[in-house]
Structures are given as C-alpha cells and as structure tokens.
Amino acid sequence: MYRVTREMKFCYGHRLINYEGKCRHLHGHNGRVLVTLESPTLDHRGMLIDFADIKAVLQQWIDDTLDHNMLLCKDDPLVPILRERGERHYVMETNPTAENIARLIFERGREAGLPIVEVTLWETDTCHASFQGPLTITAVDVQANANGRVVAYG
Ligand SMILES: Nc1nc2c(c(=O)[nH]1)N=C([C@H](O)[C@H](O)COP(=O)(O)OP(=O)(O)OP(=O)(O)O)CN2
C-alpha cells in the first residue's frame, strides 16, 4: 500500500461550547493540517497522486471556507449575532474541536474524490487530533483537467 501526505496551513478562530476550560472563550490558532492519502496502485507517472492536485482541491476549499474564519457550533449563541452583523463565520454541526475540524476536512476531501485515509490537525505546537477512515475508493488513476484540479479518481 502506498501513502502520501500533504501539509497545509490556515488560521482560524473558534470557541468551544459545553466546555469549562479557557477554550470556551473566543480565541484563534495557526492550524497545520496533514492530509494522508492511500492507494494500492500508482499512476503511469509513478504517483499515487500529484501533491499539487491535493493542494488544488483542498487548499482552495480551506482558504475559501476555514481560513481567517470564525468556526462556531450551530448551537453557539454567537451565531445569530455574527449573522446579523454580517461578520464572517462558519457554522459547524458539531463543536469546533480539533477532532471535528479534522473530520470536516476529511469528509470534504472524500467528497472531492480524494482517497484520504487520515486527516490530522495540529491546533497548537503541542496538541493535535486526527480523524481516520477506511479506504473506500478503488484507485487506479487520477485525471486532472487543465487547471490541475482533480476531476476523477478510479
Ligand atoms: N480533545 C481536545 N481537547 C481540547 C481541544 C480540542 O480541540 N480537542 N481544544 C482546546 C483548545 O481550543 C486549545 O486548542 C488548546 O488549549 P490548551 O489545552 O490550553 O493548550 P495550550 O497549549 O494553549 O495550553 P497552555 O497550558 O496554555 O500551554 C482545549 N482542549
């Protein structure tokens, strides 16, 4: 089995609800995310996937969706206030813990057709959380269009 990992970075604010520690207050992180893909086969170039294609698909979504954004749980009372004031925020179904943000990125990557098996989010220099899932995409090749975005896998 082959594995490749790409690192991406983004800045985000958040706070945790149903939590008594200091992270119940609004605060921010310089997040470092490690995305690992797996395949039993390589393409004609000898690649599981071009590292650039991982970036083209996921970094763009992270930049548009998570970077310099305030990640809040849908039950956070701040959500209606930020919405009313037109302040940028991203509403999650779950508490915006490192575990749940890792899962969000994992699921987005899978939706885009990437054979991701693990996403690890380093929230601080000393704390990271991961979400893993079994490989369900039978990969033989990755076809990229002219813009370098992954358009098909399998
Ligand atoms: N399992 C999890 N635990 C915690 C999470 C999380 O996402 N998953 N998040 C936080 C805070 O948001 C923050 O990331 C960590 O805060 P803290 O533990 O205080 O980490 P520091 O390194 O800043 O702690 P210092 O003691 O101030 O150095 C909390 N827990």
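**Start: the whole chain**

Show the protein as a cartoon. This is a predicted model. The protein has 3 helices and 8 strands. Trace the chain from the N terminus, and the elements run β-β-α-β-α-β-α-β-β-β-β. Of the 154 residues in the protein, 29% are buried. Now think about contacts with a separation of 6 or more: residues 24 or more positions apart account for 57% of them.

**Stop 1: the sheet**

Select the strands of the open sheet. There are 6 strands, in the order E4-E3-E1-E2-E5-E6. The pairing is mixed. Which strands sit at the edges? They are E4 (90-92) and E6 (128-132), and each pairs on one side only.

Strands of a sheet pair through backbone hydrogen bonds, either parallel or antiparallel. You can find both kinds here. E1 and E2 are antiparallel and share 13 bridges. E1 and E3 are parallel, with 3 bridges. E2 (residues 27-39) and E5 (residues 116-122) run antiparallel, joined by 6 bridges.

**Stop 2: Gly13**

Select Gly13. Its bridge partner in E2 is Gly28. Now look at E3, where Gly13 stands opposite Met70.

**Stop 3: helix H1**

Select residues 51-65, which form helix H1. What does H1 lie across? It lies across E1 (2-14), E2, E3 (69-73) and E4. Its direction is about 15° from that of E1.

**Stop 4: the nonpolar core**

In soluble globular proteins, nonpolar side chains tend to be buried together. Look for that here. The largest nonpolar core has 28 residues. Select Val35, Leu37, Ala102, Ile105 and Val119, the residues with the most contacts inside this core. Elements giving two or more residues to the core are E1, E2, H1, E3, helix H3 (98-111) and E5. The largest share, 6 residues, comes from H3.

Keep Val35 selected. Its bridge partner in E5 is Val119. Beyond residues up to four places away in sequence, Val35 touches Thr5, Arg6, Met8, Ile54, Leu58, Ile105, Gly109, Ile116 and Val119.

**Stop 5: Val117**

Move to Val117, in strand E5. Is Val117 buried or exposed? It is buried, because 21 other C-beta atoms lie within 10 Å, and 20 or more are enough to count as buried. Leaving out residues up to four places away in sequence, Val117 touches Thr36, Leu37, Glu38, Gln132, Gly133 and Leu135. Draw a distance line from Val117 to Val35. The two are 82 residues apart in sequence, yet 8.1 Å apart in space, C-alpha to C-alpha.

**Stop 6: Arg108**

Select Arg108 in helix H3. It has 18 C-beta neighbours inside 10 Å, so Arg108 counts as partly exposed. Now draw a line between the C-alpha atoms of Arg108 and Gly46. These residues are 62 apart along the chain, and the line spans 26 Å.

**Stop 7: helix H2**

Go to residues 78-85, helix H2. How many of its 8 residues are buried? The number is 0, so H2 lies largely in the open. Step to Gly86, which follows H2; its phi is positive, near 70°.

**Stop 8: two loop residues**

Select Asn18, in the loop between E1 and E2. Its phi is near 55°, a positive value in a residue other than glycine. Asn18 is exposed, because it has 8 other C-beta atoms within 10 Å.

Then select His68, in the loop between H1 and E3. His68 is not a glycine either, and its phi is also positive, near 50°. With 11 C-beta neighbours inside 10 Å, His68 counts as exposed.

**Last stop: the ligand**

The surrounding residues are Leu16, Gly21, Lys22, Cys23, Thr97, Ala98, Glu99, Glu123, Thr124, Thr126, Cys127 and Ala129. Colour this shell by type.

Technical notes: Residues are numbered from 1 along each chain as its sequence is written. This is a predicted model: local features need pLDDT of at least 70, side-chain atom pairs count only at pLDDT 80 or more; totals for chains, interfaces and linings use all residues. Two strands pair if DSSP finds at least two bridges between them. Helices (H or I, at least four residues) and strands (E, at least two) are DSSP runs, numbered from the N terminus. Two residues are in contact if their C-beta atoms, placed from the backbone, lie within 7 Å. Axes are lines fitted to C-alpha atoms, for helices over the stretch in contact, and angles run from 0 to 180 degrees between N-to-C directions. A residue is buried if 20 or more other C-beta atoms lie within 10 Å of its own, exposed if 12 or fewer, and partly exposed in between; C-beta atoms are placed from the backbone. A nonpolar core is a set of buried Ala, Val, Leu, Ile, Met, Phe, Trp, Tyr and Cys residues joined through C-beta atoms within 7 Å. A residue is near a molecule or strand if its C-beta atom, placed from the backbone, lies within 6 Å of it.
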